[in-house]
Amino acid sequence: MQQYNTLGYHQCRWGYTGWADLENVITDFEKFEIPVEYIWVDIDYMHGYRDFDNEKTNWSYEEGEKFLDKLHAGGRRFVPLVDSALYIPNPDNASDAYPTYDRGAADDLFLKNPDGSLYIGAVWPGYTVFPDWHHPKAGNFWANELSLWHEKVAYDGMWIDMGECSSFCVGSCGTDNLHLNPVHPSFALPGEPGNVDYNYPEGFSKSNASEAASASSAAASQSAAAATSSSSTTQSYLRSTPTAARNINHPPYVINNVQPGHDLAVQAISPNATHTDGVVEYDVHNLNGHQILKATYSGLLQVFPQKRPFILGRATFAGSGKYAAHWGGDNNSKWADMFFSISQALSFSLFGIPMFGVDTCGFSGNTDEELCNRWMQMSAFFPFYRNHNVIKSLPQEPYRWASVTSASKKAMAIRYAILPYMYTLFHTAHTTGSTVLRALAWEFPNEPRLAAVDTQFLLGPDIMVIPVLEPGVDTVKGVFPGIAAGQVWYDWYTQAPVDAEAGVNTTIPAPLGHIPVYVRGGSVLPMQEPALTTRDARETDWSLIVATGKNGTARGELYLDDGESLYPSATKHVDLTATSGSLRVDVRGTWEEKNPLANVTVLGVEQPKDVVFNGKRVGEEAVKYNAASKVLSVTGLQGFTMGGAFEKSWVLQWA
């Protein structure tokens, strides 16, 4: 079960330069009144790219304490990245100390070569070792490092990267080279000479011809320079024929790893790396990411006893959804990647990892205003909502463009309003194994053609999103499932029923800055007011949208607790049931929800003569009816629910 606050908006970038930079980002979000819940940092904060060790100038512990105190006071949170490999110090340099390695080495906790020597790969800090998660003391070691570091940096969650486990060299390349540590990776980092990314989204050349031409010219010059300076003696790991006997690095079949026929150790821990129990990496490689997430979960329970750990991982396995969220990895600032993120998200729903999102606006390459505008709106309806991109690419915080600011705020207003609905979906997923993000075919299995629909999706059973997935258009086509069987859909913005035909792709107006969103008839949505943080949103009045179905009925549910406890001491379950002319709210549980009910909006009804709340007539000034859209609005209900919207059961009637 995720914490309530994790459903807010997350901002990240590889390339933030220090605590002062983070503070400026938060200030800009506040200036433009864009919600932000979490600020994240990539490997920039590290001393020499070493886990659990801050760079001392721009990321000092003293300045970090001041920043994080202010951040937390504002109701916001901080998550840093931690990689899955640990730096091994240079034995010839006494000043090259790294206590984390020393503590792990004292208990002999790291992976070995087949001959029993230390397996030493290479990742961001240089030559590195890898915790052996089969070792009985590895979990305690990891928990201890998390605890020690939290005493210096008051983080609120953990981002585990490179958990596949990645390695930049082949095999134990550092065995005889530790005297060279720390070493630069064998490739240019993003933004370094020869590795400047000039990529832009599809269609960029049409909307930004001059800038696109300059980028194309610079890319051509960079490629030409690389061709001139490249070596013709690079090592090859190709074997085009199978091995005669079992060889787990070159198995007895040709496999497409990086390039056809390559050694399986390319870009990953070698298959022949050996665990403390004698198991080789070949047999358990896909479990590595799962094991570090599980160890991190246990470690965070020591840092935050009885609080649900918040963890994000790139490498996951069956069962990882119990411990962590997953993001889609290093995608690109391309319309194609935005499109594929829908099927990716739906896949992870089936994998049992409901907290899924992608790097909104794209990680690699440079986004542009139109792509980021559309993507920020679409991701607002994904379970995990984060913007993140690579160092030296164009900054892409939503306030960088006026239109993206406006579009983001519009979509976020919906997201933050329906947070209670989303949180209830997560509770149901946690207790029953159901999904949060859904394909249309899952909700409407009697329409086989929906199985091919991968350009729209459902958030839970009751909210449908039809995003624009291509540049230069102001309409989008979408299908409205269930129409043939009498299913009603309501436009989120107008609250009027949609006029659509069964099985037909309907053309929908979608100018830049507008994302079509629909409410399913037969549903009741619990909502609160949007705010800049989830903390503040949870302190606002309640409202309900009753979207009646073809027979005038609707139902919904709401789950409430403190939003963070592993085992909440008080919970509340609310059943919301509408029949023809009434809405009944049945309450169970001991959680005290003190915010009153403000409004109830009923869609698809005839104009009533009277509205009555628990036997008391609601004044005419609080009742409005739109005959064109058939929407009944009942406002000012705070006086009927001073003890809290769901303090006790109640009935609202209209007739």
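This note sets out numbered points on a predicted model.

1. Basis. The model is predicted, local features need pLDDT of at least 70, side-chain atom pairs count only at pLDDT 80 or more, and totals for chains, interfaces and linings use all residues. Residues are numbered from 1 along each chain as its sequence is written, and side-chain values use heavy atoms, with hydrogens and water left out.

2. Sheet. Nine strands form an open sheet in the order S12-S11-S10-S7-S3-S2-S1-S14-S13, with parallel pairing; strands (E, at least two residues) and helices (H or I, at least four) are DSSP runs numbered from the N terminus, and two strands pair if DSSP finds at least two bridges between them. Strand S12 (356-357) and S13 are at the edges with a single partner strand each, so one side of each has no neighbour in the sheet. Strand S11 (residues 325-327) pairs with S12 in the parallel sense over two bridges, and Trp327 stands opposite Gly357 in S12. Helix H2 (residues 61-73) packs on the sheet, where it touches strand S2 (38-41) and strand S3 (77-83). The direction of H2 makes about 130° with that of S3 (axes are lines fitted to C-alpha atoms, for helices over the stretch in contact, and angles run from 0 to 180 degrees between N-to-C directions).

3. Helix H10. Ten of the eleven residues of helix H10 (residues 369-379) are buried, so the helix is largely enclosed by the rest of the structure; buried means under 20% relative accessible area (1.4 Å probe, protein chains only). Among the buried residues are Glu370, Arg374 and Trp375. The buried residues of H10 pack against strands S1 (9-11), S13 (359-360), S14 (385-387) and S16 (457-459), and against helices H9 (335-350) and H11 (402-417).

4. H11 and H12. The axes of H11 and helix H12 (residues 419-432) come within 5 Å and cross at roughly 55°. Arg415, Tyr416 and Ala417 in H11 meet Leu419, Pro420 and Met422 in H12. The contact residues divide into five nonpolar, no polar and one charged (Ala, Val, Leu, Ile, Met, Phe, Trp, Tyr, Cys and Pro count as nonpolar, Asp, Glu, Lys and Arg as charged, the others as polar).

5. Thr296. Thr296 lies in helix H8 (residues 288-303) and counts as buried because its relative accessibility is 0%. Leaving aside neighbours within four places in sequence, Thr296 is in contact (heavy atoms within 4.5 Å) with Trp142, Leu146, Met158, Ile160 and Ile311.

Notes. Buried < 20%, exposed > 50% of the residue type's maximum accessible area, 1.4 Å probe, protein only.
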